[in-house]
Amino acid sequence: MWFTLTSLSVIASAPASTMLMGEHAVLFGHSALVCALTQRIFVKASKRADGQIVITSSLGYFECAVNELAMQVERTSSFAFVLQALTLSGQVESGGVELVIESEFEHTLGLGSSAAVTVACMGAMALLANGRFDAQEAMQTSIESIRKVQGRGSGADVAASALGGIVKFQGNPLRAKKTLLSLAALQDAPHLLLVYCGYKTLTPLVIAQVAEAAEQEPQRFAQLYEQMGACVETSEKALEREDWRAFAQSMNQYQILMRALGVSDESTETIIRLAQKKSPLDTLLGAKISGSGLGDCVLLLGSETLDWPHPQISVQIEPQGLRQEMQLPKALQREKQL
């Protein structure tokens with residue numbers, strides 16, 4: 001995407017995301033399917049002249065001198081992903097920059113907030129410096145940035161935030177392409193519901209736990225990853241046929257494999273049982289963990305709201321990834337109220 005003029009202030013946004021298929025196996029060379037969601041994170045970037053970096057968001061306020069950025073990145077911070085993105089963008093001028101971040105979803109819900117804010121930050125900085133951004137370039141730099149903060153991660157959620165729609169992603173070597181799914185098929189998808197377990201285990205901790213178990217049974221875990229990879233390929237073919245029921249069958253099969261991996265805990269299984277009990281078999285299509293597991297969210301395809309004490313959100317697939325905006329969402333809401 002190209003823009004011709006630079007500005008003193010620009011806004012970029014990137015969508016939330018959820019993993020459809022491919023958790024864990026994507027770390028071992030297999031593909032994953034991840035989709036962008038309509039909820040977005042917005043980053044407004046403005047040039048400063050006092051040599052300061054200023055960040056304002058719902059997480060709080062941060063300020064440091066431009067020449068202190070490298071040192072601040074090394075410290076644990078609520079703004080670790082944003083600071084790393086600023087560093088890797090290479091576009092923070094000596095005069096400084098101010099970022100205002102607004103989100104349409106809670107960062108605790110496991111919707112790829114770290115990926116979305118990183119991609120939106122990369123896009124905003126590119127717009128501010130050059131008047132243009134490239135989604136593929138933003139994706140690649142954002143994946144590098146996320147991995148520097150987390151230590152390890154597939155980058156699949158970054159690909160969805162950058163490109164939009166449903167993305168088939170492979171981490172090594174890096175490949176990302178949008179699936180050939182029509183806009184009508186996206187709009188006709190069964191109801192998608194994300195149900196939060198009430199807690200989440202940090203992805204690096206889950207990965208470490210699985211790795212420890214795999215050391216005891218390397219052959220069994222290798223076979224599980226192979227089956228997971230095959231499941232992703234089957235589900236991609238179902239999407240190409242726009243066959244949501246066949247896709248849901250792949251979801252259910254992947255959940256069986258997640259159980260075998262040891263990352264489906266009692267809360268996850270309770271949510272799935274509640275969904276199965278509430279919905280007749282011909283309406284509840286699919287149910288699986290969305291993410292690394294041991295908490296976080298369960299993705300239900302074709303289910304209505306459950307009797308469950310923690311947040312549940314209806315989500316829709318967002319066909320567009322990183323994009324330029326004219327206003328922050330709060331400003332737009334104020335205009336509508338007037």
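The structure is a predicted model, in which local features need pLDDT of at least 70, side-chain atom pairs count only at pLDDT 80 or more, and totals for chains, interfaces and linings use all residues. Residues are numbered from 1 along each chain as its sequence is written, and side-chain values use heavy atoms, without hydrogens and water.

**Exercise 1.** Determine how helix α7 packs against helix α8.

*Solution.* Step 1: locate the helices, which are DSSP runs of H or I with at least four residues, numbered from the N terminus. Helix α7 covers residues 203-216 and helix α8 residues 218-240.

Step 1: consider the axes, lines fitted to C-alpha atoms over the stretch in contact, with angles from 0 to 180 degrees between N-to-C directions. The axes of α7 and α8 lie 5 Å apart at an angle of about 125°.

Step 2: list the contacts (heavy atoms within 4.5 Å). Val210, Ala213, Ala214, Glu215 and Gln216 in α7 meet Pro218, Phe221 and Tyr225 in α8.

**Exercise 2.** Identify which residues line the second largest cavity.

*Solution.* Step 1: apply the definition: on a 1 Å grid over the protein atoms alone, a cavity is a set of points where a 1.4 Å probe fits but cannot get out, and lining residues have an atom within 4 Å of a point.

Step 1: name the lining, which consists of Leu20, Leu192, Trp244, Phe247, Met251, Leu301 and Ile317.

Step 2: find the main contributor; helix α9 (residues 244-261) gives the most, with 3 residues.

Technical notes:
Helix = DSSP H or I, 4+ residues; strand = E, 2+ residues; numbered from the N terminus. 1 Å grid on protein atoms, 1.4 Å probe; cavity = no way out; pocket = protein on both sides within 12 Å on 5 of 7 lines; lining within 4 Å.
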